[in-house]
Amino acid sequence: MTNAPVSVSGSGSPGASAVAHLVRGPLVLTAATDEVGVVAARLVADHVRGHPTGVLGVATGASPLRLYAALAELRAEGLVTEGLTLAALDEYVGIDPGDERSYHSYVVRHIAGPLGIPESRVLVPRGGTQRDAERYEATLRDLGGVGLQVVGIGRNGHIGFNEPGSSRDSRTRVVALSDDTRAANARYFAGDADRVPSHAITQGIATILAASRIVMVASGAAKAWALDAALRGPVTADVPASFLRTHPSVTVVADDEALRPAS
Ligand code: GLP
């Protein structure tokens, strides 16, 4: 089954949301660039209110930073987040969790700390073997799976570190990073793509799609090709994010630049 996206402009409109919920397919909410994270945070907060001790799936990267900051603001206004468990999508192979460039550090610094969640409830895949990958799958399974999963999108259409070619059935595993992804992430490694690890450990597509609900955030023209392909192109391993259209509860929050059809 593949679902066509449903677009709603003016995300605050209750009428628009009500109509959209009658139709299957990703719900696409358009927001001003500096509001993308705020709108997404409200969706996450609605979920957290109903599942205050659940597993929140978190993505790294620049895109969701505003979302996490907005969640912390909602916490200051009374949202209870301290009981959550955080489960990350991915991690570099060969970067120590204590290294500030690790995704473990990112999750502690930008999410767990501001949300008052102890590090003992921060789960990030770790290691570089199939056994390590299976251990992470088992950890998620033992917790009952992820409730809501936040995802970003790579310029090449990846989600997590599921690069083009990743199958719909893929599970947590060690993957080679594409040249494009290493170039995109060079900014975190002194601008040098060669310093970006060549491999990562990532939840698979099937692992991500096992979450009950998925919220994607994207902004900026650099994401326009990937988002266009994911939402409007064929559902294909060439664009891993397109598999989100096989999930029954996906909301995409994006700005106009990211949503502009690729020419
Ligand atoms: C990284 C992460 C992804 C993230 C993507 C986009 O490589 N593995 O989880 O969604 O790239 O990152 P950004 O939001 O910084 O563009």
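1. Start with Ser 63: one of its polar side-chain atoms sits 2.5 Å from an oxygen atom of the ligand. That falls under polar contact, meaning a pair of N or O atoms within 3.5 Å; within protein, one must be able to donate a hydrogen and the other to accept it, and residues adjacent in sequence count only if both atoms are side-chain atoms. Bear in mind that this is a predicted model: local features need pLDDT of at least 70, side-chain atom pairs count only at pLDDT 80 or more, and totals for chains, interfaces and linings use all residues. Numbering runs from 1 along each chain as its sequence is written, and side-chain values use heavy atoms, with hydrogens and water left out.

2. For Arg 187, an N or O atom of the side chain is 2.7 Å from a ligand oxygen atom; for His 158, a polar side-chain atom is 3.3 Å from a ligand oxygen atom. In total 15 residues surround the ligand (a heavy atom within 4 Å of it), and the closest are Ala 62, Ser 63, Asp 90, Arg 187 and Lys 223.

3. Now the largest pocket, about 420 Å³ in volume. Of its 26 lining residues, Gly 61, Ile 153, Gly 154, His 158 and Lys 223 are the closest to the centre. Pockets here are open sets of points on a 1 Å grid over the protein atoms alone, where a 1.4 Å probe fits, with protein on both sides within 12 Å along at least five of seven lines; lining residues have an atom within 4 Å of a point. Volume is the space filled by probe spheres set on the points, which are joined across faces, edges and corners.

4. Which element gives the most to that lining? Helix α6, with 3 residues. Both α6 (179–184) and β5 (90–92) supply at least two residues each. Helices (H or I, at least four residues) and strands (E, at least two) are DSSP runs, numbered from the N terminus.

5. A polar atom of the Thr 202 side chain lies 3.0 Å from the backbone nitrogen of Phe 161. Leaving aside neighbours within four places in sequence, Thr 202 has contacts (heavy atoms within 4.5 Å) with residues including Leu 89, Asp 90, Arg 171 and Val 175.
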